Amino acid sequence: MPAAETPHTLGYDAIILTGGEGTRLGGVDKAMLEVRGVPLLDAAVESTSAALNTVVVGPIRPTQREVIWAEEEPTSGGPAAGILAALAALARQGSASHWCVVIAVDQPGVARVLPTLLAAATNAAPEVDGLCPHDSRGQEQWLLAAYRTQSLRSACEGLGTGHNLPVKRLVRDLRVEQVSAQPEHIGDINTWADHEAWSKRASS
């Protein structure tokens with residue numbers, strides 16, 4: 001029986017979602033919002049440097065390394081639509097990766113959580129479709145998760161473009177197991193108070 005792949009050799013693709021209008025942030029582009037002097041997009045892209053392919057869904061912006069750009073049609077369709085657009089982009093690339101990670105760009109703790117997800121993926125039972133952490137309130141973090149690519153594709157069948165569809169609906173028939181991760185590394189930025197809390201956390 002072959003040895004399980006380590007987190008460093010696991011072949012995976014990455015999907016980074018940069019949608020969202022940032023209304024509670026006064027319309028600020030979250031992807032360009034900085035935490036500890038680094039734009040959230042750059043932090044997310046850097047965290048997935050080991051991915052075979054990284055697809056960024058949203059308007060093209062400057063990045064520190066080459067990525068694949070995709071955008072839902074029409075735009076501003078929500079995260080489920082973004083996932084469908086990214087999967088289509090990966091198919092055009094001919095990707096054969098068995099796993100993909102889905103990351104919302106406003107998850108500043110992704111670099112701390114991703115190794116845990118990849119380690120769990122290497123040892124996941126065949127019937128497990130996905131892995132995700134829960135936040136301090138027990139809420140599943142569907143947009144900071146790892147999924148078997150084929151399972152995610154199957155979940156998207158019959159959903160059209162996925163516009164305005166809750167991600168919970170997209171993954172509801174998948175077997176997604178909880179991954180234990182430190183809660184201080186989990187959470188997004190929706191308000192300036194969130195941004196301040198993450199900035200303090202990152203500098204401590």
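In the predicted model, H134 counts as buried because its relative accessibility is 19%, and the cut-off for burial is under 20%. H134 is placed in the loop that joins β7 (130-132) to β8 (144-148). A polar atom of the H134 side chain lies 3.3 Å from the backbone oxygen of G138. When neighbours within four places in sequence are set aside, the residues in contact with H134 are Q139, E140, Q141, Q178, V179 and I186.

Helix α2 spans residues 79-93 and has 15 residues. From the first C-alpha to the last, α2 reaches 21 Å, close to the 21 Å expected at 1.5 Å a residue. Buried positions in α2 are A80, A81, G82, I83, L84, A85, A86, L87, A89 and L90. These buried residues pack against the strands β1 (12-17), β4 (53-57), β5 (68-70) and β6 (99-104), and also against the helices α4 (149-156) and α5 (167-171). The residue that follows α2 is G94, which has a positive phi, near 75 degrees.

The structure contains 0 disulfides. C100 takes part in no disulfide, and the nearest cysteine sulfur to that of C100 belongs to C156, 9.1 Å away. For C156, likewise, the closest cysteine sulfur is that of C100, and the separation of 9.1 Å is too far for a bond; the cut-off for a disulfide is a sulfur pair within 2.5 Å. Both cysteines are buried: C100 has a relative accessible area of 0%, and C156 has one of 10%.

Note on methods:
Residues numbered from 1 in each chain as written. Predicted model: local features only at pLDDT ≥ 70, side-chain atom pairs only at ≥ 80, totals over all residues. Heavy atoms only, no water. Helix = DSSP H or I, 4+ residues; strand = E, 2+ residues; numbered from the N terminus. Expected span 1.5 Å × (residues − 1). Buried < 20%, exposed > 50% of the residue type's maximum accessible area, 1.4 Å probe, protein only. Contact = heavy atoms within 4.5 Å. Polar contact = N/O pair within 3.5 Å; in protein donor to acceptor, adjacent residues only side chain to side chain.
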